[in-house]
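Let's take a walk through this model together, starting on the inside and ending with its charged pairs. Please have the sequence and the structure open as you read.

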Amino acid sequence: MQRFLAPVKTTKKADYAVIAEKSWALFKEYGAVSSCEAWGTDVPDGEVTSFPMAVKKAPDETVVFSWIIWPDKTTADAAMGKMEEDPRWGEIMPNADEVFSLKRMIFGGFEPLLET
C-alpha cells in the first residue's frame, strides 16, 4: 500500500481530480486494487507537527491525503518502474506543478498491520 500527502492549490481542486482520475487508470492497469483521494476539510495546524506543517502548506493550498492499495509489494514496485517509462504518465503530469507541489509531496510504502 502506498500513501501520499500533498499540498494542492485550493483553486485547482477540479484540475487535481482530473489528474487523480487519469492516474488511477494507469495504476489500475498496472495492478492496483483500489485508490482513494481525500481532500482535506478538517486538517488543523499542529503545535509541533501536523499534515499542513509536513508539506509546508501555503495559505492558498489544501492538504490531500491519498493511497493506493496493491495486491503485494512486488506488483507495486513493478508498477512504479513501469509508470516512470510510460509516456501516458508524462501526458498526465506535464503541468502538475501548477496544481500541486511534487517537491513537497510526501509518499511511502506501508505494509498493513491490521485490517478490519
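The paragraphs below cover the nonpolar core and then the salt bridges.

This is a predicted model, in which local features need pLDDT of at least 70 and side-chain atom pairs count only at pLDDT 80 or more, while totals for chains, interfaces and linings use all residues. Residues are numbered from 1 along each chain as its sequence is written, and side-chain values use heavy atoms, with hydrogens and water left out.

Let's begin with the largest nonpolar core, which has 22 residues. A nonpolar core here is a set of buried Ala, Val, Leu, Ile, Met, Phe, Trp, Tyr and Cys residues joined through side-chain atoms within 4.5 Å. Buried stands for under 20% relative accessible area, exposed for over 50%, and partly exposed for values in between (1.4 Å probe, protein chains only). Tyr16, Trp70 and Phe100 have the most contacts inside this core. Two or more residues come from each of β1 (2-9), α1 (13-29), β3 (61-69) and α3 (73-85), and α1 gives the most, with five residues. These helices (H or I, at least four residues) and strands (E, at least two) are DSSP runs, numbered from the N terminus.

Now pick out Trp70. Leaving aside residues up to four places away in sequence, Trp70 touches Met1, Gln2, Phe27, Tyr30, Gly31, Ala32, Val33, Thr75, Ala76, Ala79 and Met80. Contact in this sense is heavy atoms within 4.5 Å.

On to the charges. Side chains of opposite charge can pair when their charged atoms come close. A search of the whole structure finds six salt bridges, each a side-chain nitrogen of Lys or Arg within 4 Å of a carboxyl oxygen of Asp or Glu. One of them joins Lys9 and Asp60 (3.9 Å, N to O). Lys9 lies in strand β1 and Asp60 in the loop between α2 (51-54) and β3, so this pair ties together parts that are 51 residues apart in sequence. Lys9 counts as partly exposed because its relative accessibility is 30%, and Asp60 is likewise partly exposed, at 44%.

Another salt bridge brings Arg88 together with Glu29 (2.9 Å, N to O). That pair links distant parts of the chain, with Arg88 in helix α4 (residues 87-92) and Glu29 in helix α1, 59 residues apart. Arg88 is partly exposed at 31% relative accessibility, and Glu29 is partly exposed at 49%.

Which residue does Arg88 also meet in a salt bridge? The partner is Asp86 (2.7 Å, N to O), which is buried at 8% relative accessibility. Through shared partners, salt bridges join Glu29, Asp86 and Arg88 into one network.
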